[in-house]
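Me: I have a structure open and I'd like to learn how to read it. Can we go through it feature by feature?

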Amino acid sequence: MTKREIESKKTELIINFLETKMVCSNFEDEGFGSFSVEVEYKGYELRGEIMRRDFYIDIIENHNLMGGFSDEEYDKAKCAGEIEDILNDGIATFMRTDEMKELMLS
């Protein structure tokens, strides 16, 4: 396999993992090395971005809020941070599976 074919297959496997084993949907290729994704977690619809080079997920709503926000907005930001960690840990674990190791060696 060429390097491009390996990267394409790796992307396909990661997206399939996120769709079937995690709570991600509506992947859209944004070009420029990233995908947008939607995540449902604890009743919140969250948006994120997956970087192709390392498959790190960044949830847009994950940010530190200062004063002046509603309890719901604080809770949503907290949930975004939680699911971002869960998804990135899941991807890191998936990358160590035999299926991914074999792909990297091909």
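Me: Where does Lys-42 lie?
Reply: Lys-42 sits in the loop between β2 and β3. Helices here are DSSP runs of H or I with at least four residues, strands are runs of E with at least two, and both are numbered from the N terminus. This is a predicted model, where local features need pLDDT of at least 70, side-chain atom pairs count only at pLDDT 80 or more, and totals for chains, interfaces and linings use all residues. Residues are numbered from 1 along each chain as its sequence is written, and side-chain values use heavy atoms, with hydrogens and water left out.

Me: Is Lys-42 buried or exposed?
Reply: Lys-42 counts as exposed because its relative accessibility is 56%. The cut-offs are under 20% relative accessible area for buried, over 50% for exposed, and partly exposed in between, using a 1.4 Å probe and protein chains only.

Me: What should I look for in backbone phi?
Reply: Most residues other than glycine have a negative phi. Lys-42 isn't a glycine, yet its phi is positive, about 50 degrees. Asn-26 is another non-glycine residue with a positive phi, near 55 degrees, and Asn-26 lies in strand β1.

Me: And how do I read the strand pairing?
Reply: Two strands pair if DSSP finds at least two bridges between them. β1 (residues 24-31) and β2 (residues 34-41) run antiparallel, joined by five bridges, and Gly-31 stands opposite Ser-34 in β2. Their hairpin has two residues between the strands, and Phe-32 takes a positive phi near 50 degrees there. β2 is also joined to β3 (residues 44-51), by eight bridges and again antiparallel. Phe-35 has Ile-50 in β3 as its bridge partner. The β2 and β3 hairpin has two residues between its strands, with Lys-42 in the turn.

Me: Which residues of α1 and α2 meet?
Reply: Contact means heavy atoms within 4.5 Å. Lys-10, Leu-13, Ile-14, Phe-17 and Leu-18 in α1 meet Leu-87, Gly-90, Ile-91, Phe-94 and Met-95 in α2.
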